[in-house]
Number of protein chains: 2
Amino acid sequence: MGYTLHTCAINRLYSAFRVLAMDRVSIKDIAKAAGVSHSTVSRALRESPLVNAHTKERIQEMAREMGYSPDAQARSLVTGRSYTVGVVVTTIADPFVAEVVQGMESTAHDHGYTVILSCSDSEPEREIAAVEMLRAKRVDGVIVTSSRIGALYLDHVEGIGAPVVLLNNHNEQSGHYTYTVTVDNRHGSLLATDHLINQGHIRIAYITGPANHSSDTERMAGYRQALSEHSLPYDPTLVVPGDGKPVGGMRALQALIASAQPPSAVFCYNDMTAIGLLRAAREAGIDIPGDLAVIGFDDIPLASFVCPPLSTISQPKNEMGRLAMEMVLTLAESYDAVRPEYSDIVVKGKLEIREST
Amino acid sequence: MGYTLHTCAINRLYSAFRVLAMDRVSIKDIAKAAGVSHSTVSRALRESPLVNAHTKERIQEMAREMGYSPDAQARSLVTGRSYTVGVVVTTIADPFVAEVVQGMESTAHDHGYTVILSCSDSEPEREIAAVEMLRAKRVDGVIVTSSRIGALYLDHVEGIGAPVVLLNNHNEQSGHYTYTVTVDNRHGSLLATDHLINQGHIRIAYITGPANHSSDTERMAGYRQALSEHSLPYDPTLVVPGDGKPVGGMRALQALIASAQPPSAVFCYNDMTAIGLLRAAREAGIDIPGDLAVIGFDDIPLASFVCPPLSTISQPKNEMGRLAMEMVLTLAESYDAVRPEYSDIVVKGKLEIREST
DNA sequence: TTGTAAGCGTTATCAC
DNA sequence: GTGATAACGCTTACAA
């Protein structure tokens, strides 16, 4: 690690008999203290009209005084609803994911739900384990974000006993009997590429994302479509592999400048790639956008702070999180009732022109 | 919003009688099917040695076939442990927080625990509500990150019935009977300011963070200490207010260049501030680090991608998350047993020299 | 309006 | 080894 660690005052004082086992007060305790039955307490605490207004108030007062806190698990055991939804992501450290989760959490909160967060690190086993664990916790719904292995869920989905919605899933065959929220990748790429073309660029490169992600396939498709719509030739040598991360972008730039006929513009799979590319360009003394115009995809929070500020396709991250959460909650509330077999929400990205193009 | 939304295939098909109420199988169901008592099933499923090896295997096989999933809530009800810890943060969209949470989640996972995420948006009521809710869910522990209102917890902390650890708390009076993980702010500032001084700078400005945060007070103290250790005068006009966000940094730069005797270097409360300042500097045609050296604090993931790459004090974010989680889990496992009255872990930041100084 | 009793799915304590 | 039986803290018929 290299970080020095300083533990101070640890184990400073052991208080031998500090038994904090502050026995939790239950409705029975309140019942005893109030001289009523525990069912009356239960009613009073949940504002049931079936209880005398006076005693209700008295009981609520006592509950407060005694420091009562309802046991959500016990309640859930009998009601069958946990008011909890599981959110599975690759890694929360990804700024895109973080924004999406932010949107999810706040909507969940607004509806009185709680979020269990699980990071899979893109490892299938961990992702499955997470789903299994969420199932054991009896969540009312699950949202899986940016997963590459969505198809696996479809098998698990039957067993989990709760609705599952996929957000920006990267797998092709997640079409059946599932619920999804996705950005329109093709449309976004069209926007990006068109923009470059309108600026007069003819030779436009595309830096790919990680292999086998449907989002990459779709963005690539949009790029080619824009080219063909403008009767521009598609040159395979202008498609260079990246990995969705800064390093990929840096390497891609090397490949680009080494080529016989370098492009005058480049569309990157995502902002992280573009940012890596920007950095490499600066080091190589290439002027952006003078020598090379660059556009990304995602609009991560810092896209406007790199230099030059990055033009990009903005995904409504917060909004997407909100939509996914609302979808899963709606499904949860009508679970084991009549509901649509599947539904997809497709949101469109927006062209954000800054100074890199 | 401005984003167009396209709902496709929604409500595509209602299958009227698809009752997915796939009645959950319980140990009793398995017991019935296997012709044994439910206690035997319970034992078999938890690898108890108190059960015939043959029947154990048979039962496990049946459980698998029947798609059994243990009910964590029911179990928790009787064992008193939920294997869940609550993490409350200001906002997960903050890259610093996201990294910390990443560290927390992965350690929790390694120990078989699950994370409930709650974002308070720095609103005291929400923060209190979150704690209340976590209490109802019977979490085994709570970690509060970057809160400004830690003192409030100290009242709640007794009632919550679970250990609470504070990470990078911004409140002064969180000293008693609590557990904390914090970065050594004074030390980090010393590092940063020393670095600037060693580069030959005499007039060094400090851009503050949000008011009344102890972290700001401490960083400021480190700055002054470095100055005095090098017998440099402390000039109050060189301390300009920021807000911990890019805008604050941008505004601060205006103030700086408008001053009679501008500094040749500036130490910013955090990276976000520095990044805003960098941007304003670029727009104002100020050369970094030629005209002005800039250093931040935090080392957020994109600090190395802005231009010029930002020198900063690196906080071991992941590590801090890990430490906090390990602390709370240790406390949880010994709850209502003998344990230290309080302990603080203080980690030291590291000077990360890049190109802005 | 209130109380009694059953039950949610576990684990745990006894006997046998 | 195994099976009753009693919790755990709550909600909810069903009675009174």
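How many of the five residues of strand β12 of chain A are buried? In this predicted model, five of the five are buried, and the strand, residues 343-347, is mostly covered. In general, strands of a sheet pair through backbone hydrogen bonds, either parallel or antiparallel.

A further sheet in chain A is open and has four strands. Their order is β8-β7-β9-β10, and the pairing is parallel. Strands β8 (239-240) and β10 (293-295) form the edges, each pairing on one side only. Strand β7 (residues 204-207) and strand β9 (residues 265-268) run parallel and are joined by four bridges. One of the residues involved is A:A205, whose bridge partner in β9(A) is A:V266. Two helices of chain A are placed against this sheet. Helix α9, residues 214-229, lies across β7, β8 and β9, running at about 175 degrees to β7(A). Helix α10, residues 246-258, packs on the sheet and touches β7, β8 and β9. The direction of α10 makes about 150 degrees with that of β7(A).

The nonpolar cores come next. In soluble globular proteins, nonpolar side chains tend to be buried together. The largest nonpolar core here has 147 residues. Which residues have the most contacts inside it? They are A:V294, A:M325, B:V294 and B:M325. Beyond its neighbours within four places in sequence, B:M325 is in contact with B:V85, B:V87, B:M104, B:T107, B:A108, B:V115 and B:I143. Another core, of 23 residues, lies apart from the largest one. Among its residues are A:A130, A:A162, A:L166 and B:L134.

Residue A:R126 sits in helix α6 of chain A, residues 124-136. Is A:R126 buried or exposed? A:R126 has a relative accessible area of 16%, so it counts as buried, the cut-off being under 20%. A polar atom of the A:R126 side chain lies 3.0 Å from the backbone oxygen of A:C119. With neighbours within four places in sequence left aside, the contacts of A:R126 are A:C119, A:S120, B:E105 and B:H109.

Sugar and phosphate make up 62% of the DNA strand C atoms that come within 4 Å of the protein. A side-chain N or O atom of B:Y68 is 2.7 Å from one phosphate oxygen. For B:D71, a backbone N or O atom lies 3.2 Å from a phosphate oxygen. In chain A, a polar side-chain atom of A:T55 lies 3.3 Å from a phosphate oxygen. Which elements give two or more residues to the surface near DNA strand C? Chain A supplies α2 (38-45) and α4 (72-79). Chain B supplies α1 (27-34), α2 (38-45) and α4 (72-79). Helix α4(B) gives the most, with five residues.

How values were computed: Residues numbered from 1 in each chain as written. Chains lettered and ligands numbered in written order. Predicted model: local features only at pLDDT ≥ 70, side-chain atom pairs only at ≥ 80, totals over all residues. Heavy atoms only, no water. Buried < 20%, exposed > 50% of the residue type's maximum accessible area, 1.4 Å probe, protein only. Polar contact = N/O pair within 3.5 Å; in protein donor to acceptor, adjacent residues only side chain to side chain. Contact = heavy atoms within 4.5 Å. Pairing = 2+ DSSP bridges. Axes fitted to C-alpha atoms, helices over the stretch in contact; angles between N-to-C directions. Core = buried A, V, L, I, M, F, W, Y, C linked by side-chain atoms within 4.5 Å. Near = heavy atom within 4 Å.
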